[in-house]
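Biologist: I would like to learn how to read side-chain contacts in a model. Could we go through one together?

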Amino acid sequence: MNTMDIFEFTQKMDGDLSEGGMQTVALGDGATSGEGHQSAPSDPALPWPGPNSAMPAQSAAPPSQPIPAPQARPTSLPQYPHNPGSAYTSPNSANSPAMSPIPLATPTTPGTENGAAIVRSGSSKMESIKTWSISTYKCTKQLLSEKLGKSSRTVDAELEAQIEALRDTQRKYSQILRLARALSSHFYHVVQTQQQLGDAFADLAQKSPELQEEFIYNAETQRTLTKNGETLLGALNFFVSSVNTLCNKTMEDTLLTVKLYESSRIEYDAYRSDLEMLSQQPRSEISSIKLEEAQRNFNGHKAHYDRLRADVAIKLKFLEENKVKVMHKQLLLFHNAVSAYFSGNQTALEATLKQFNIKLRSPNTAPPSWLEQSVPETFQTIFGSLSSPTK
């Protein structure tokens, strides 16, 4: 760097410092020490370049001017005169007429009514949760007291006996339903095996001329058994469906009402125990208020308990009548269908299904094959005797 470059750089630095408001400070003879490093001034307010800053050395520094003392920064924003009820006006509002004063009134929210509805809904939910918690606590306490023998329970002996009989009936009907399903499943596989066996006999009748008549006879027998078996299978499936509806829908609906009745009985006894306990306490203003509230709760749960008890009694009565009608029909169907099948009475078996309006898919609706049409007359007579009802 030559002399002209140094001079231009110095002039530029002086201009930057004068524009930024910074003053050049002259240092004394003892400002340098060590290996050309400059020592920091004692006054911390003075600007001092860092060790890596490029500061050109000046041979003759002009005398420094006194540095004005730093002014204290304001600790708060400027205050403007303001009246509580007036509109706020910006200090620059006179110069900017486009700005309008903003009133300090509370703005109205369009969804205020919705907010109030949400608050009411939340409070109602909290009240319901509170009521449910208290009721659950009382019922749990009542159950534990009954198991420990510390509290009495309300018992309707006649109704309890009917409920227990219903549960025992449902268990027994469930056993019948399980066995009937097993019989239907096994018999379905028997019918399928008979059908495959008849097809195998018919196929061998075509390939074995010397045993054609015997194979045809057995093939026709298996086909007749298959047809009758499908008819019996339809009757069994109808029996299973009806018993399933009675056991798992009709009885289950009545037992659901019984569960509600038992829950209401526990609540009724819990609030009855509270009422008896409060009635034995000494009378005061607070105890009288609690006693009145307990009396209201007791009356409400007693009405609910009485209503469910009446519902259970009515449902048990209707269930018994419905059970007798349904099982009378289904047992008659089961007996007639099984007896007609195993006795070989195809006409009676079909009449049984028509009597109970049971419709089956007829798999043998296709016209007879040429092999069935070429059966000797003797075998036709035998087949006719097999399909005719036994006397």
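Biologist: Is Lys323 buried or exposed?

Modeller: One caution to begin with: this is a predicted model. Lys323 has 14% relative accessibility. The cut-off for buried is under 20%, so Lys323 counts as buried.

Biologist: Which residue forms a salt bridge with Lys323?

Modeller: The general idea comes first. Side chains of opposite charge can pair when their charged atoms come close. Here the partner of Lys323 is Glu320, and the closest N and O atoms are 3.3 Å apart. Glu320 is partly exposed, at 42% relative accessibility.

Biologist: What separates Arg309 and Asp306 in helix H5?

Modeller: About one helical turn, because they are three residues apart. Their side chains meet in a salt bridge at 3.2 Å, N to O. Arg309 is partly exposed at 29% relative accessibility. Asp306 is partly exposed too, at 26%.

Biologist: Which residue forms a salt bridge with Asp168?

Modeller: Arg171 does, with the closest N and O atoms 3.5 Å apart. Asp168 and Arg171 both belong to helix H3. Again the spacing is three residues, about one turn of the helix. Asp168 has a relative accessible area of 29%, so it is partly exposed.

Biologist: How many salt bridges are there in the count?

Modeller: The count comes to twelve. Some join up into a network: salt bridges link Arg265, Asp269, Arg272 and Glu276.

Biologist: Now the rings. How many aromatic pairs does a search of the whole structure find?

Modeller: It finds seven. A pair of aromatic rings is described by the distance of the centres and the angle of the planes. Take Phe187 and Tyr341 as a case. They form an edge-to-face pair, 5.3 Å centre to centre, with 85° between the planes.

Biologist: Which parts of the chain does the pair of Phe187 and Tyr341 link?

Modeller: Distant ones. Phe187 is in helix H3, residues 157-207, and Tyr341 is in helix H5, residues 285-342. They are 154 residues apart. Phe187 counts as buried at 10% relative accessibility. Tyr341 counts as buried at 11%.

Biologist: Why is the pair of Tyr268 and Tyr305 stacked?

Modeller: Because the planes of Tyr268 and Tyr305 lie at 5°; the cut-off for stacked is under 30 degrees. The ring centres are 5.0 Å apart. This pair also links distant parts of the chain: Tyr268 is in helix H4, residues 212-279, and Tyr305 is in helix H5, 37 residues apart. Both Tyr268 and Tyr305 are buried.

Biologist: Which residues do ring pairs link into a cluster?

Modeller: Tyr261, Tyr268, Phe298 and Tyr305.

Biologist: H5 keeps coming up. How many residues does H5 have, and what does it reach from its first C-alpha to its last?

Modeller: H5 has 58 residues and reaches 83 Å. That is close to the 86 Å expected at 1.5 Å a residue.

Note on methods: Residues are numbered from 1 along each chain as its sequence is written. This is a predicted model: local features need pLDDT of at least 70, side-chain atom pairs count only at pLDDT 80 or more; totals for chains, interfaces and linings use all residues. Side-chain values use heavy atoms; hydrogens and water are left out. Rings of Phe, Tyr and Trp (its six-membered ring) pair if their centres lie within 6.5 Å; planes under 30 degrees apart count as stacked, over 60 as edge-to-face and the rest as tilted. Helices (H or I, at least four residues) and strands (E, at least two) are DSSP runs, numbered from the N terminus. Buried means under 20% relative accessible area, exposed over 50%, partly exposed in between (1.4 Å probe, protein chains only). A salt bridge is a side-chain nitrogen of Lys or Arg within 4 Å of a carboxyl oxygen of Asp or Glu. The expected span of a helix is 1.5 Å times one less than its number of residues.
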